[in-house]
There are 2 protein chains.
Amino acid sequence: MNRLTELFKIKYPIIQGGMIWCSGWRLASAVSNNGGLGLLGSGSMYPDVLRYHIKKCKESTNNPFGVNIPLLYPNVKDHINIIIEEKVKIVFTSAGNPINYTQYLKDHGITVVHVVANQKFALKCIDAGVDAIVAEGFEAGGHNGIDEITTMCLIPQIRSIIDIPLIAAGGIGSGGAILAAMCLGADGVQIGSLFAASKESSAHENFKNKIVDLTDTDTQLTLKEITPVRLIKNEFYDLIQNAYKSNASKEELTNLLSKGRSKRGMFEGDLKNGELEIGQISASIKDVISVKEIMNNLWNDFNLKKRQLISL
Amino acid sequence: MNRLTELFKIKYPIIQGGMIWCSGWRLASAVSNNGGLGLLGSGSMYPDVLRYHIKKCKESTNNPFGVNIPLLYPNVKDHINIIIEEKVKIVFTSAGNPINYTQYLKDHGITVVHVVANQKFALKCIDAGVDAIVAEGFEAGGHNGIDEITTMCLIPQIRSIIDIPLIAAGGIGSGGAILAAMCLGADGVQIGSLFAASKESSAHENFKNKIVDLTDTDTQLTLKEITPVRLIKNEFYDLIQNAYKSNASKEELTNLLSKGRSKRGMFEGDLKNGELEIGQISASIKDVISVKEIMNNLWNDFNLKKRQLISL
């Protein structure tokens with residue numbers, strides 16, 4: 001279809017975000033088997049767990065898949081060694097400086113993509129020699145940039161300064177939104193929330209059922225002083241807001257966040273005390289469906305909207 | 001072209017936002033003369049000034065134009081009476097409840113559009129009987145909703161619950177973005193920042209020159225406790241942030257804002273001590289050009305992007 005699908009050797013320009021507690025081998029292989037690019041989310045995996053998921057993913061699909069590595073997590077080097085040993089061919093890095101690992105990964109024949117949230121980091125990606133860039137807007141779930149730039153503004157602004165393949169992330173929930181991202185200058189999209197709520201997601205059923213019940217005002221970007229994160233406004237979110245009101249220190253806020261909150265919420269299903277990371281587009285998700293259905297819906301809607309535009 | 005251009009009897013589905021200190025008769029009539037819908041921004045006008053601008057606008061264009069009325073300003077009733085006396089045919093209301101004035105305006109033969117930032121207020125608009133809705137995302141300049149919903153998410157979410165014409169606002173800075181908004185479900189767009197920096201804008205030259213120098217991280221939404229507003233991070237913005245750090249009361253914050261700050265900044269050109277309202281897309285604006293050039297650029301880019309999509 002275009003240079004992005006050629007780069008990854010995939011049918012549709014659709015990447016499934018490598019999300020903590022959601023993106024295991026079942027989800028990634030299902031996306032790759034249905035024409036997109038599946039990514040394992042290594043951020044919530046111990047090294048041995050990552051190796052297991054890579055092996056299972058290789059058994060489950062003959063199509064390309066990749067691994068997302070948040071560079072702020074402690075096991076980065078172990079993860080990278082496993083990825084090289086297991087001959088994974090695509091890595092998406094995020095939450096860090098692309099200069100640190102891009103060349104090392106490329107020296108091992110790996111295609112490298114880095115996630116950015118402003119123009120400055122897009123230029124760092126070019127300097128680091130990445131193969132493509134994900135530009136992720138303020139509306140995205142989970143960890144996010146501090147500058148609050150939305151997908152609608154970020155994509156054309158990044159496009160205006162880089163020539164390599166560009167993947168839009170944040171707020172992509174339909175085929176119409178994929179087409180919109182392309183109108184803004186993207187070559188394809190990375191989708192998180194829709195896949196977090198899919199049947200193949202490794203998230204807890206409670207979390208998936210919560211996602212499909214959300215309204216348009218139910219998520220918020222918070223904890224900007226530590227590491228900005230978009231999450232559902234539940235009791236845990238209230239705890240954070242109360243900590244702000246009582247002028248909690250950065251250390252106190254970090255402690256609040258770090259007690260296995262994301263595992264508790266997304267993997268164990270504790271909807272009150274857990275951290276529930278999801279994007280603003282979650283309000284458009286109405287059912288927990290399979291990856292196959294999601295991909296079909298996206299592509300049918302993409303083609304429908306394209307035909308409608310042509311008739312304008 | 002579509003039901004929105006039919007509703008307003010305009011050539012292009014492009015509305016120029018009725019911005020305080022920017023949208024006088026020169027700007028509104030230029031937009032209307034170039035195929036869009038120009039709006040006077042009554043929020044910064046005394047009643048007599050509004051009447052003068054309406055009269056001048058009528059002299060300067062034979063095409064339809066309208067007036068934006070922020071319902072939170074004190075002169076609302078005077079403004080509405082003048083609009084009726086002067087036989088203005090289109091009114092955009094914002095920053096308030098659409099139920100208050102919609103029927104009264106419609107009884108006088110006026111087409112009424114209301115600006116919303118979430119689904120709940122879109123449904124209130126339907127109940128109030130408006131003719132069209134502007135859905136304005138978090139990236140927009142000036143006054144904004146408290147829910148921080150971005151254009152990418154807001155448009156499909158509003159579209160999914162209403163059938164009347166829908167106008168996307170926030171982050172629209174190119175023909176590609178107009179096409180993107182349509183992919184998301186909008187019938188057209190409202191554009192602010194591009195026109196704020198146009199030659200015909202009544203804003204001070206200092207402000208226009210500042211806009212074209214902005215980078216992607218130079219605006220911020222602040223003052224959420226009083227009335228959320230997106231502005232340039234200048235010395236006045238620092239004052240607000242320092243007030244937050246010293247736990248200023250709502251009253252102190254309101255006092256900070258209310259000392260004619262927006263006039264001082266946008267109309268008188270005090271870039272340090274004035275309030276400078278502009279959208280995130282301002283980073284894409286590189287020159288102060290005429291409305292005619294802006295409209296030509298938008299429509300040429302719209303058609304270019306449409307041709308590119310068709311070839312996908």
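**Entry 1: two neighbouring helices.** I started with α3(A) and α4(A), and they are roughly parallel to each other (angles under 35 degrees count as roughly parallel, over 145 as roughly antiparallel, 65 to 115 as roughly perpendicular and the rest as oblique). Before going further, I noted that this is a predicted model, where local features need pLDDT of at least 70, side-chain atom pairs count only at pLDDT 80 or more, and totals for chains, interfaces and linings use all residues. Residues are numbered from 1 along each chain as its sequence is written, while chains are lettered from A and ligands numbered from 1 in the order in which they are written.

Back to my pair: helix α3 covers residues 47-60 of chain A and helix α4 covers residues 76-85 of chain A. (Helices, H or I with at least four residues, and strands, E with at least two, are DSSP runs numbered from the N terminus.) Their packing angle is about 25 degrees, and their axes are 9 Å apart.

Which residues of α3(A) and α4(A) meet? From α3(A) I found A:Pro47, A:Leu50 and A:Arg51, and from α4(A) A:Asp78, A:His79 and A:Ile82. (Contact is C-beta atoms, placed from the backbone, within 7 Å.) I sorted the contact of α3(A) with α4(A) into three nonpolar, one polar and two charged residues. (Ala, Val, Leu, Ile, Met, Phe, Trp, Tyr, Cys and Pro are nonpolar, Asp, Glu, Lys and Arg charged, and the others, Gly among them, polar.)

**Entry 2: α3(A) has another partner.** Helix α2 of chain A, residues 25-33, crosses α3(A) at roughly 30 degrees, with the axes coming within 9 Å. That makes α2(A) roughly parallel to α3(A). The crossing of α2(A) with α3(A) is right-handed. On the α2(A) side I listed A:Trp25, A:Ala28 and A:Ser29, which meet A:His53, A:Lys56, A:Cys57 and A:Ser60 of α3(A). The classes in this contact of α2(A) with α3(A) are three nonpolar, three polar and one charged.

**Entry 3: where the chains touch.** I found that chain A and chain B each put 38 residues into the contact. In chain A, α7 (151-159), α8 (175-183) and α14 (291-310) each supply at least two residues of the side that touches chain B. The most comes from α8(A), with six residues. That side of chain A has 17 nonpolar, 16 polar and five charged residues.

How do the copies relate? Turning chain A by 180 degrees, with 0.0 Å of shift along the axis, superposes it on chain B with an RMSD of 0.0 Å. That is the relation of a two-fold axis. (The superposition is by least squares on the C-alpha atoms of residues with pLDDT of at least 70 in both copies.) The same surface serves both copies, as 100% of the contact residues of chain A recur in chain B. Which residue of chain A comes closest to the rotation axis? My answer is A:Ala180, whose C-alpha is at 2.0 Å.

**Entry 4: α8 again, now in chain B.** Nine of the nine residues of α8(B) (residues 175-183) are buried, so this helix is largely enclosed by the rest of the structure. Just after α8(B), B:Gly185 takes a positive phi of about 120 degrees.

Entry 5: A:Trp21 has a positive phi near 65 degrees although it is not glycine. I located A:Trp21 in the loop between β1 (14-16) and α2 of chain A. A:Trp21 counts as buried, with 25 C-beta neighbours inside 10 Å. A:Leu223, also not a glycine, has a positive phi near 55 degrees. A:Leu223 is in the loop between β10 (219-222) and β11 (229-232) of chain A, and is buried with 23 other C-beta atoms within 10 Å.

**Entry 6: two spots in chain B.** B:Ala132 belongs to strand β6 (residues 132-136) of chain B. Is B:Ala132 buried or exposed? I counted 23 C-beta neighbours inside 10 Å, so B:Ala132 is buried. Leaving aside neighbours within four places in sequence, its contacts include B:Leu4, B:Val113 and B:Pro165. B:Pro165 is 33 residues from B:Ala132 in sequence, yet their C-alpha atoms are 4.8 Å apart.

B:Asp238 is in helix α11 (residues 235-245) of chain B. With 11 other C-beta atoms within 10 Å, B:Asp238 is exposed. I also checked B:Lys272, which is 34 residues along the chain from B:Asp238, with 9.8 Å between their C-alpha atoms.

Notes. Two residues are in contact if their C-beta atoms, placed from the backbone, lie within 7 Å. Axes are lines fitted to C-alpha atoms, for helices over the stretch in contact, and angles run from 0 to 180 degrees between N-to-C directions. A residue is buried if 20 or more other C-beta atoms lie within 10 Å of its own, exposed if 12 or fewer, and partly exposed in between; C-beta atoms are placed from the backbone. A crossing is left-handed if the near helix is turned anticlockwise from the far one by less than a right angle, and right-handed if clockwise.
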